[in-house]
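These are my notebook entries on a single chain model. I set down what I looked up, entry by entry.

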Amino acid sequence: MRRRGSVTVFMALLLTGFFSAVFAFLEAARVSGLKSNSQISTMQARDTVLASYDQSLWEEYHLLFWQAGEGDFPSLDSLESLQQSAIEGNLSSLGQSGDNYYVLQVHLTEVTTSAYQLATDEGGAAFRQQAAEMMKMTATETALQTMMGWITGEDTSGASTDLASEAIETLETLESAAASGAEEGNSTDTGAEEGNTGNMASDAGTASGEAVGGETASGGMSTDESADAADVKLTENPLEWVKKMSRSGILAIVMPDADISQKSVDRDTCIENRTLESGNLVASEDISAMDKLLFYLYLGQYFSDASEDSADQALDYELEYMLAGKAEDQANLKTVVRRLLLMREAANLAYLETNSQKQQEAAAIAALLVSVVGQPELEPLVQQGLLAAWAYAESISDVRILLEGGKVSLVKTTEQWHTDLGSLSSTVYATEGEQQTKGLSYENYLQILMWLTSDEKLAVRAMDMIEKNTDVRMDQMVCRAECAYVYEASPLFWGYVTLGGDSLGTIQFQDESDISFMNQ
């Protein structure tokens with residue numbers, strides 16, 4: 001007798017449960033693959049943004065930023081649409097092809113930007129950090145340590161004195177003494193008629209050629225000191241020379257034959273003076289002292305100054321603009337030159353006060369000048385005024401050498417001193433032997449001034465120059481963004497799971513990405 005095959009209810013339920021479990025595991029494995037696929041798509045979207053950096057900023061300044069929009073205000077819609085297009089393009093290439101269906105197909109449904117940082121945020125923190133990172137690839141540690149040494153070793157107390165004013169005040173004291181003596185009839189043969197100290201210088205020069213010594217002329221100098229002072233030749237009154245120079249413009253003094261740039265920019269449209277767009281992402285870390293030095297090196301490499309040939313740019317003196325912040329090249333250069341003069345005056349006066357030979361020269365000329373007015377008690381005051389005039393003249397020579405491409409040491413030696421107190425007008429502009437191979441260049445001195453200037457101001461004004469030269473808006477340049485992504489996929493194997501009868505519905509995945517141009 002033939003038996004018919006049969007399946008019991010228990011076996012049917014067992015098989016149903018088995019296949020349901022298999023399909024459930026298959027769906028779970030597929031979900032894991034879908035999640036990995038969405039993460040790969042997120043990385044591709046991030047790379048798409050990084051590859052879409054602004055080329056003009058990279059070519060001109062080696063900066064990596066992504067431009068948000070082209071209008072007056074940044075728009076992150078374009079950042080989101082760029083990523084969405086990139087993701088959809090990549091996914092569609094893996095999707096349907098004829099009758100084939102990609103098992104791990106997902107779809108991007110939403111891209112949002114939760115936070116972002118612009119180049120101008122926090123005083124240009126991102127710009128400064130990128131500049132420092134760029135210079136780390138070229139600057140040596142030894143060079144940075146040397147730079148740190150002479151920057152921090154420089155007197156940055158701000159206690160510099162305007163030595164020209166001090167010398168002129170001394171001259172006025174002498175003039176008053178000469179006029180007073182003439183009125184009292186006590187100095188009829190001194191040549192101080194009408195308080196004209198120009199004639200004083202002539203008489204003093206004659207006196208120096210005849211004899212300088214003894215208690216009266218030398219103010220109590222020793223025999224050896226008097227002998228040295230007798231060699232001093234006075235062709236002009238140094239104090240009168242300083243007064244004459246002070247009537248000239250400061251640039252005419254240090255750059256008498258130079259062609260000063262007349263370029264200017266519209267300050268009203270600069271970053272400091274307009275309302276900026278800002279991001280909501282805070283910079284992760286503060287810039288270190290070494291990064292500050294790297295930032296200064298970057299500015300010196302990518303921006304021009306007055307010691308270089310002019311180029312096709314908005315301003316010729318870009319570093320001077322960063323330090324002074326004025327609209328005109330000429331005004332910026334004037335401000336920087338004045339600061340350099342004050343810096344060099346302090347160093348030169350300190351040198352003079354420690355050099356016994358030059359102290360003797362100043363004392364001898366002071367004795368000659370006070371002997372003309374017949375008031376020897378003024379000799380210490382006049383000597384100090386002469387030292388101030390001498391330091392001022394040497395500073396003019398220093399700044400002129402720097403602007404011509406030479407170098408000047410922070411602390412001078414006797415061999416590096418250029419001017420002669422007895423003939424300032426003929427030695428302050430001398431050129432022979434002045435181009436020192438040791439010392440600091442004009443750019444190095446500007447870096448000292450940068451150390452005394454707010455990093456935020458330097459960064460903002462540097463970005464001003466970038467905007468003027470490249471026609472971009474730095475407050476539209478994104479350096480970092482945090483984005484969120486939502487992906488969806490339809491279940492594939494879950495439809496074969498018969499136990500339970502619940503529908504899985506649409507599968508969603510959320511992912512995040514930190515898009516950053518830092519350390520790229």
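**Entry 1: positive patch**

I located K334 in helix α14; helices (H or I, at least four residues) and strands (E, at least two) are DSSP runs, numbered from the N terminus. The model is predicted, so I noted that local features need pLDDT of at least 70 and side-chain atom pairs pLDDT 80 or more, while totals for chains, interfaces and linings use all residues. Residues are numbered from 1 along each chain as its sequence is written, and side-chain values use heavy atoms, with hydrogens and water left out.

K334 is partly exposed because its relative accessibility is 32%; the classes are buried under 20% relative accessible area, exposed over 50% and partly exposed in between (1.4 Å probe, protein chains only). I found K334 in a positive surface patch together with K326, R338, R339 and K457. Patch members have over 30% relative accessible area and no salt bridge, with like charges joined within 9 Å and nonpolar side chains (Val, Leu, Ile, Met, Phe, Trp, Tyr) within 5 Å. Lys and Arg count as positive, Asp and Glu as negative, and His and the chain ends are not counted; a charge is placed at NZ of Lys, CZ of Arg, CG of Asp or CD of Glu. Helix α14 (residues 329-352) contributes the most to this patch, with three residues.

**Entry 2: nonpolar patch**

I recorded a nonpolar surface patch of F10, M11 and L14, whose accessible area together is about 320 Å². Areas come from the Shrake-Rupley method with a 1.4 Å probe, and for residues only the protein chains shown count as cover. F10 belongs to helix α1 (residues 9-50) and is classed as exposed because its relative accessibility is 61%.

**Entry 3: helix α19**

Helix α19 (residues 455-470) has 16 residues and spans 22 Å from first to last C-alpha, close to the 22 Å expected at 1.5 Å a residue; the expected span is 1.5 Å times one less than the number of residues. I found α19 mostly covered, with 12 of its 16 residues buried. Among them are D455, R461, D464 and E467.

**Entry 4: salt bridges**

I noted 19 salt bridges in the structure, each a side-chain nitrogen of Lys or Arg within 4 Å of a carboxyl oxygen of Asp or Glu. E456 and R128 form one, their closest N and O atoms 4.0 Å apart. This pair links distant parts of the chain, E456 in helix α19 and R128 in helix α4 (residues 121-135), 328 residues apart. E456 is partly exposed because its relative accessible area is 38%, whereas R128 is buried at 7% relative accessibility.

Which residue meets D475 in a salt bridge? The partner is R274, at 3.2 Å from N to O. Both D475 and R274 are buried.

E394 bridges to K412, with the closest N and O atoms 2.4 Å apart. E394 is in helix α16 (residues 379-403) and K412 in the loop between α16 and α17 (424-427), 18 residues apart. E394 is buried at a relative accessible area of 0%, and K412 is buried at 8% relative accessibility. I also recorded a network of salt bridges linking R267, E272, R461 and D464.

**Entry 5: positive phi**

Most residues other than glycine have a negative phi. H62 has a positive phi, near 55 degrees, and sits in the loop between α2 (55-61) and β1 (66-67). E122, in helix α4, likewise has a positive phi near 55 degrees. E122 is partly exposed because its relative accessibility is 42%.
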